[in-house]
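Subject: A structure for you to look at

Hi there,

Here is the structure I promised to pass on. Have a look at it first, and then read my notes below.

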Amino acid sequence: MSISKIASTCVSKREQRTHLFHIKGYSQHRAAGASEFIVSDTFSNGEHGWKLLFFPDGSEFYSDRGCAVAALLLMHKRTKAQSFVEIELRLLDQSTGRSLSVHKEASRVIDTHVPSRLAMCAIKRKLFEETAYLQDDCLTIESIVTVISKPQVTETQQFPRIKVPPSDIADHFGKLLETKEGADVTFSVGGIDFTAHKMVLATRSPVFRAELYGPMREGGSEPIVVEDIQPDVFSALLHFMYSDSLPDFDDLKADDYVEMIRHLLVAADRYAMERLKLMCQSILCRSLHVQTLATTLALADQHQCDMLKDACIEFVTSSNAMDDVVATQGYKNLKRTCPFIVIELLEKTSKLHKA
């Protein structure tokens with residue numbers, strides 16, 4: 001077999017290490033005075049060693065007496081090769097396991113062989129002393145250190161290669177829907193008939209399986225009438241069942257596209273198609289804005305889309321857009337029809353502002 005390719009590769013090694021520093025008895029350390037500090041054990045990231053220093057009273061470094069100070073030290077570097085480092089310091093919420101970023105530094109060169117300070121930040125004590133970041137007198141600081149080595153080029157390699165084309169099963173099933181060859185079921189949706197294949201629908205949806213093959217299946221050759229779904233939505237649903245992808249929707253404007261995705265999410269929930277439901281949630285999550293947030297939030301609550309619901313609430317709290325959302329007609333409708341969601345939204349917004 002002849003050689004079909006030769007190749008060399010430029011590789012930049014990227015190694016990330018997360019270190020959790022648990023500070024127990026925080027109040028005792030806090031009372032010790034401005035000159036006292038707490039230091040973690042050395043943790044390594046490849047050939048680099050690090051320590052985290054924490055000053056409960058950071059007045060020695062900052063005039064603001066309401067601040068604590070965290071600092072990351074490079075203790076040793078066992079390689080002469082130049083490398084880069086990215087640093088992030090976070091506070092860990094001990095009740096949820098989530099973390100809050102308090103300091104982040106972009107990539108910078110590290111080329112020293114002696115201990116050096118690579119990061120220092122002030123942290124408002126009220127940020128953690130009055131929240132779940134401090135529980136049972138314990139504070140946890142999360143250090144995320146990413147070391148990026150200088151790119152290196154590997155030696156040229158020669159190797160034969162047999163290229164395997166990507167899977168085309170979706171294309172074949174898509175053509176099956178298009179040609180309708182062997183179709184054995186017809187649906188009437190809004191006065192429009194759609195023909196399909198029972199076996200395909202039953203394979204993709206447990207609801208269709210029960211309707212077409214279960215004890216409640218309809219007999220005869222008459223079209224099965226589908227209510228409460230628009231024809232273009234049902235057409236998109238069938239397209240996904242056969243191709244595992246959404247239609248292009250290139251002819252739809254932005255607002256119409258989002259509305260189509262909302263209807264498609266409802267259809268996915270109705271027919272227990274979890275992958276399609278997640279895809280719709282992902283699209284709606286990326287399309288959040290003030291004017292339509294209340295509508296999306298109500299839809300997420302109605303169809304048990306917990307991740308989308310959380311994304312809506314986080315959008316409001318993280319962007320301080322509560323006042324703008326309250327002014328929309330969608331929020332007024334939400335307040336009238338789904339008061340419990342409004343209460344949850346207000347409670348979470350209030351907690352974040354207090355923090």
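Two strands pair if DSSP finds at least two bridges between them. Strands (E, at least two residues) and helices (H or I, at least four) are DSSP runs, numbered from the N terminus. With that in hand, take V85: R108 is its bridge partner in β9.

Some background before we go on. This is a predicted model, with residues numbered from 1 along each chain as its sequence is written, and local features need pLDDT of at least 70, while side-chain atom pairs count only at pLDDT 80 or more. Totals for chains, interfaces and linings use all residues, and side-chain values use heavy atoms, with hydrogens and water left out.

Nine bridges connect β8 with β9 (residues 99-110) in the antiparallel sense. These two strands form a hairpin with six residues between them, and in the turn G97 has a positive phi of about 85 degrees. β8 also runs antiparallel to β12 (residues 138-149), again joined by nine bridges. There, V147 is the residue opposite V85.

Another residue of β8 to click on is E86. Is E86 buried or partly exposed? With a relative accessible area of 24%, E86 is partly exposed. E86 and E105 are 19 residues apart in sequence, and their C-alpha atoms are 5.9 Å apart in space. Leaving out residues up to four places away in sequence, E86 touches several others, including R14, E105 and I144 (contact means heavy atoms within 4.5 Å).

**Strand β6, covered on both faces**

Next, go to β6 (residues 48-55): eight of its eight residues are buried, so this strand is largely enclosed by the rest of the structure. On one side you will find H48, W50, L52 and F54, and on the other G49, K51, L53 and F55.

Which strands pair with β6? Among them is β7 (residues 67-77), antiparallel over eight bridges, where L74 stands opposite W50. β5 (residues 43-45) pairs with β6 in the antiparallel sense over three bridges, and N45 stands opposite H48. β4 (residues 38-39) is antiparallel to β6 over two bridges, with I38 opposite F54.

**Aromatic pairs**

A pair of aromatic rings is described by the distance of the centres and the angle of the planes. Rings of Phe, Tyr and Trp (its six-membered ring) pair if their centres lie within 6.5 Å; planes under 30 degrees apart count as stacked, over 60 as edge-to-face and the rest as tilted.

How many aromatic pairs does a search of the whole structure find? The search finds eight. One of them is Y26 with F128, edge-to-face at 5.6 Å centre to centre and 85 degrees between the planes. This pair links distant parts of the chain, since Y26 is in helix α1 (residues 26-30) and F128 in helix α2 (residues 126-129), 102 residues apart. Y26 and F128 are both buried.

F55 and F61 form an edge-to-face pair as well, with 4.7 Å centre to centre and 70 degrees between the planes. F55 is buried at 6% relative accessible area, whereas F61 counts as partly exposed at 35%. Finally, F187, F194, F208, F234 and Y271 form one aromatic cluster.

Happy exploring!

Methods. Buried < 20%, exposed > 50% of the residue type's maximum accessible area, 1.4 Å probe, protein only.
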